[in-house]
Amino acid sequence: MIINRVFRVQVADSRTGEVKSFSMVSSTLASEAEAFERLVAQFGVARVVSVTL
């Protein structure tokens with residue numbers, strides 16, 4: 001059985017500074033720290049505001 005985890009993510013727009021929220025679903029990430037690492041690699045450290053499970 002595959003268990004999907006839903007992470008709530010906040011990312012700051014690099015041009016405007018506006019914080020945008022979205023959900024990320026993953027069956028491979030086990031923690032907020034793993035999700036944060038993936039998002040930092042994708043968006044850049046300055047733009048990831050928060051990740052919560």
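There is one aromatic pair in this structure, counting rings of Phe, Tyr and Trp (its six-membered ring) whose centres lie within 6.5 Å. The centres of the F22 and F43 rings are 6.3 Å apart and their planes stand at 55 degrees, so the pair is tilted; planes under 30 degrees apart would count as stacked, and over 60 as edge-to-face. F22 belongs to strand β2 (residues 19-26) and F43 to helix α1 (residues 32-43), so the pair ties together parts 21 residues apart in sequence.

Before I go on, the basis. This is a predicted model, with local features needing pLDDT of at least 70, side-chain atom pairs counting only at pLDDT 80 or more, and totals for chains, interfaces and linings using all residues. Residues are numbered from 1 along each chain as its sequence is written, and side-chain values use heavy atoms, leaving out hydrogens and water.

How exposed is F22? F22 is partly exposed, at a relative accessible area of 29%. F43 is also partly exposed, with a value of 24%. The classes are buried under 20%, exposed over 50% and partly exposed in between, using a 1.4 Å probe and protein chains only.

Now the helix that carries F43. α1 has 12 residues and spans 16 Å from first to last C-alpha, close to the 16 Å expected; the expected span is 1.5 Å times one less than the number of residues. After α1 comes G44, with a positive phi near 100 degrees. α1 lies across β1, β2 and β3, and runs at about 150 degrees to β3. Contact means heavy atoms within 4.5 Å, and axes are lines fitted to C-alpha atoms, for helices over the stretch in contact, with angles from 0 to 180 degrees between N-to-C directions.

Next, the sheet under discussion. What is the order of its three strands? The open sheet is ordered β2-β1-β3, with antiparallel pairing; strands pair if DSSP finds at least two bridges between them. β2 and β3 (48-52) are the edge strands, each pairing on one side only. Direction ignored, neighbouring strands are turned by 20 degrees against each other on average.

β1 and β2 are joined by eight bridges, and Q10 has S21 in β2 as its bridge partner. These two strands form a hairpin with six residues between them, and G17 in the turn has a positive phi of about 80 degrees. On the β3 side, four bridges join β1 to β3. There, V11 stands opposite V48, and R8 stands opposite T52.

Last, D13, in the loop between β1 (5-12) and β2. Is D13 buried or exposed? D13 counts as buried, at 13% relative accessibility. Its side chain reaches the backbone nitrogen of R15 at 2.7 Å, and a polar atom of that side chain lies 3.1 Å from the backbone nitrogen of T16. Leaving aside residues up to four places away in sequence, D13 touches E18 and K20.

Methods. A polar contact is a pair of N or O atoms within 3.5 Å; within protein, one must be able to donate a hydrogen and the other to accept it, and residues adjacent in sequence count only if both atoms are side-chain atoms.
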